[in-house]
Amino acid sequence: MQDTQLEVLNQAAGYTSEMIPFPDKLARIVRLLRQAFGWEVVALFLPEEDDSVLVCHALATTLDTNLHLGWTFPTQLHPLPSKGTEESSTCEPIPLPHRGKPLKSQQALWLETAELRALFQVESSRKKAFDAYRKLLHMVGSQICHARVCSNRLEEIKRHMALTGLLSHISRVAVDDSGLEACLSRITETISANFPISIASIILLDDSGEHFELEISNGPLELAKATETWPISIGVCGRAVREGKAQLIHADTPDPDYVPGNPLVESEYVVPIRFHGQILGVLNLESTVRTTFSDNVCLILNSIANQIAGIIQIALTNQRLEEKQRVIEMKTAELEEANTRLADANEEMSRANEELETLSMSDGLTGLANRRYFDDYYDRECRRAARNGEPISLILLDVDHFKDYNDTYGHLLGDQCLIKIAKAIRTTVQRGSEWAARVGGEEFAIVLSHHDHPKAQQVAETLRQRVEELGIEHRASNTAKVVTISLGVATCAQPPPSFFAATLFQCADDALYNSKHQGRNRVTGICLDVD
């Protein structure tokens, strides 16, 4: 029976880490429990935002019952536990609408974390059916909470990827459009189409900087029309200009400057559009979801506002150039200033794109560089070494029996194992000439510039010992009782001008193969002699 429970826990843990929507994770978990233990009902209920009803979100049953997905139960008949309850606690089950005789055993758990509140209920026709499974049910409840966390992180990643694509697209608007209003309209259309924002608007200041004069907006919701004169002394948009900083507003939090533009709006984010210290207007974003504007989302929106500032400045500069074309000889100084501003705007956009590129070059799990960054960095270092005739070494390492580790302990602990190994790598590789990356699932690479073979061997051996000393249990390994790594080291002492990075990589890979072939948990080195 314990083996079955362990197998169920491992499968449930695997479901929580899969890159699938949260409802699909719940459906798999409840179906797994029903099939594994023969319980007639396994269900999960989530409260509505106002806690007025519980709604069935996941169900696995063999009964003839009126219970179905979307079935609701009024909480006035079953008061919910007070907020702040521990993550998984026993509570009273709710009566379910089954046909026929009532079932003999019921067990209910209340699940509560910062990201999930839910009622988890199981029922069986057998007496005392859950006495031997109480600990299992609490552990499954904790896994359901973790599943919500993983799903929320996945949604955040998807949203971040969409936003970075949006940032790249907006950067091209500066050269795709000539008219200022058409350009700003395309930007607001792009934001509202690619991000869960109900209203996206760009509001520009007049020449005095004391009144808003031009508003371009798009989105599925209509915004109440502003008065003919809109001074910066009123409203959240005005406060963003007055204080010179972004404003995040929630409709349910009293704010003296907040004027609702649509009753469905739950949150609003306003960013000053600033160019060279001068505020040109604001980027105003409104959403029907309270939690839309997370810290990461706000960072990207701030970058978008910076790009909009450059685009606006470019458009305004072009207008000035057209107006002054007949007297260009008299306005040479003005033209030079405009060109300088244009260059600065392009430089700012370039920096924003470089920051975006940096975000795409790190491994999300370990924080080390990813394979894409490794390929670029390694090629550059090999060419530099060949150009200067300096030694260069490469270490390739692989976690021994890692597939067996994942099969035994689950992918969640497998990820934690990789994170610990990456930390050991960072502790070992600290010099400016030593650089590490994750190049595969359980594969890592370390580039050692200016390192001869003995020094590279010493780095590899130090790292091997540190990983073994972590003492991460590995029952499925036939190499050791703990997690170990195998390493291959390749060095080229004096690379010639014709030296190829692929040659050193192949040697390191061959050395890694030899380490595995000779029993793993060891370092094997090859000193490359290239004529």
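Where is the place of Phe130? Phe130 sits in a loop, the one running between β6 (117-124) and α3 (134-176). Before I go on, please keep in mind that this is a predicted model.

Staying with that residue: is Phe130 buried or exposed? Phe130 counts as buried, because its relative accessibility is 2% and the cut-off for buried is under 20%. I also have one distance for you. Phe130 and Leu463 are 333 residues apart along the chain, and their C-alpha atoms are separated by 48 Å.

Next, surface charge. There is a patch of positive charge on the surface, where Lys101, Lys104, Lys127 and Lys128 gather. Take Lys101 from that group. Lys101 is found in the loop between β4 (88-91) and β5 (105-112). Lys101 is exposed, since its relative accessible area is 77% and exposed means over 50%.

There is a negative surface patch as well, and its members are Glu48, Glu49, Asp50 and Glu266. Glu266 is again a loop residue, placed between β10 (247-250) and β11 (267-275). With a relative accessible area of 31%, Glu266 is partly exposed. That label applies because the value falls between the 20% and 50% limits.

Technical notes: Residues numbered from 1 in each chain as written. Predicted model: local features only at pLDDT ≥ 70, side-chain atom pairs only at ≥ 80, totals over all residues. Heavy atoms only, no water. Patch = residues over 30% accessible without salt bridge, like charges linked within 9 Å, V, L, I, M, F, W, Y side chains within 5 Å. Areas by Shrake-Rupley, 256 points an atom, 1.4 Å probe, with all protein chains shown as cover. Salt bridge = Lys/Arg side-chain N within 4 Å of Asp/Glu carboxyl O. Lys, Arg positive; Asp, Glu negative; His and termini not counted. Charge placed at Lys NZ, Arg CZ, Asp CG, Glu CD. Helix = DSSP H or I, 4+ residues; strand = E, 2+ residues; numbered from the N terminus. Buried < 20%, exposed > 50% of the residue type's maximum accessible area, 1.4 Å probe, protein only.
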